[in-house]
Amino acid sequence: DDARSRQFHLPLLGRLRAVPGVQAATTASNFPFSGFGDSRDVAPAGVPDAQAKSVDSVFAAVANDYARTLGLRMLGGRDFAVSEMMPGSSERVAIIDDALAQRLWPNESALGQLIQFLDAEQTDARQPIRVIGIVSAVKHSLGNPRPFPHVYVPLGQHDERALTLQLRIEN
C-alpha cells in the first residue's frame with residue numbers, strides 16, 4: 001500500500017544517496033524509454049472550458065532529485081521538498097516541463113500558476129495544483145521525434161502503485 005511503499009522507498013533513497021560514487025538517486029512511477037506510461041489531461045485550474053485548453057501529458061509520481069538524477073535542467077523554481085513527499089502536505093504541487101509550460105501559458109511564466117487534472121475517474125482530479133518548478137523537456141519514447149509534455153508530482157501526494165528506482169553513479 002502507499003504508506004508501506006513510502007516507508008520503504010524514502011529511507012532506501014537516503015541510504016543509496018550516501019553510498020560513495022552515487023551522485024543522485026530517485027524513484028518514480030515511470031521513466032522515459034521504460035515502456036511504461038501514464039497520461040493525464042492537464043489544464044490551467046479554474047478557467048472556463050478547461051477541456052478545450054487541456055494538454056495530454058505524461059504523468060509521473062516522483063521523489064525529489066528526479067530531474068537531477070535524469071540530467072534534466074531545472075529552468076526555474078525548485079525541486080520537491082522532503083515534506084511534500086509525505087501525505088497531508090499543506091499544498092498540492094507539481095513540476096512541469098517547458099513543453100507543457102509553453103502549451104498552457106505561451107506568453108507568461110508557468111511558475112506559481114495552478115493546474116488541474118481533468119481525469120474524471122480520479123477523486124482528486126480537479127483540485128488545484130501549484131506549479132513550483134519547470135524542467136527541460138525530455139523525449140519519453142523513441143517513436144516520437146519531439147518531446148511530449150510532462151507533469152511530475154511528489155510521491156506523497158499521489159498514488160504510487162508501481163515505482164521504479166533510478167541511480168546515477170560516478171564513473
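This briefing covers strand pairing and salt bridges in the structure above. The model is predicted. Strand β6 pairs with β2 in the antiparallel sense, and β6 also runs antiparallel to β7. The salt-bridge count comes to four. Among them, R17, D65 and R68 are joined into one network.

**Strand pairing around β6**

- Strand β2 spans residues 39-44, and strand β6 spans residues 114-117.
- These two strands pair over three bridges, in the antiparallel sense.
- Within this pairing, V42 has F117 in β6 as its bridge partner.
- Strand β7 covers residues 129-135.
- Two bridges join β7 to β6, and the two strands run antiparallel.
- L114 stands opposite R130 of β7.

**The salt bridge between R17 and D65**

- Side chains of opposite charge can pair when their charged atoms come close.
- R17 forms a salt bridge with D65, and the closest N and O atoms are 3.6 Å apart.
- R17 lies in helix α1 (residues 2-17), while D65 sits in the loop between β3 (55-62) and α3 (66-70), so the pair ties together parts that are 48 residues apart in sequence.
- R17 has a relative accessible area of 28%, so this residue is partly exposed.
- D65 has a relative accessibility of 16%, so D65 counts as buried; the cut-off for buried is under 20%.

- R68 is partly exposed, at 44% relative accessibility.
- Salt bridges that share partners link R17, D65 and R68 in one network.

**The salt bridge between R78 and E84**

- The side chains of R78 and E84 meet in a salt bridge, with an N to O distance of 2.7 Å.
- R78 counts as partly exposed, at 37% relative accessibility.
- E84 counts as buried, because its relative accessibility is 8% and buried means under 20%.

Definitions and conventions. Residues numbered from 1 in each chain as written. Predicted model: local features only at pLDDT ≥ 70, side-chain atom pairs only at ≥ 80, totals over all residues. Heavy atoms only, no water. Pairing = 2+ DSSP bridges. Helix = DSSP H or I, 4+ residues; strand = E, 2+ residues; numbered from the N terminus. Buried < 20%, exposed > 50% of the residue type's maximum accessible area, 1.4 Å probe, protein only.
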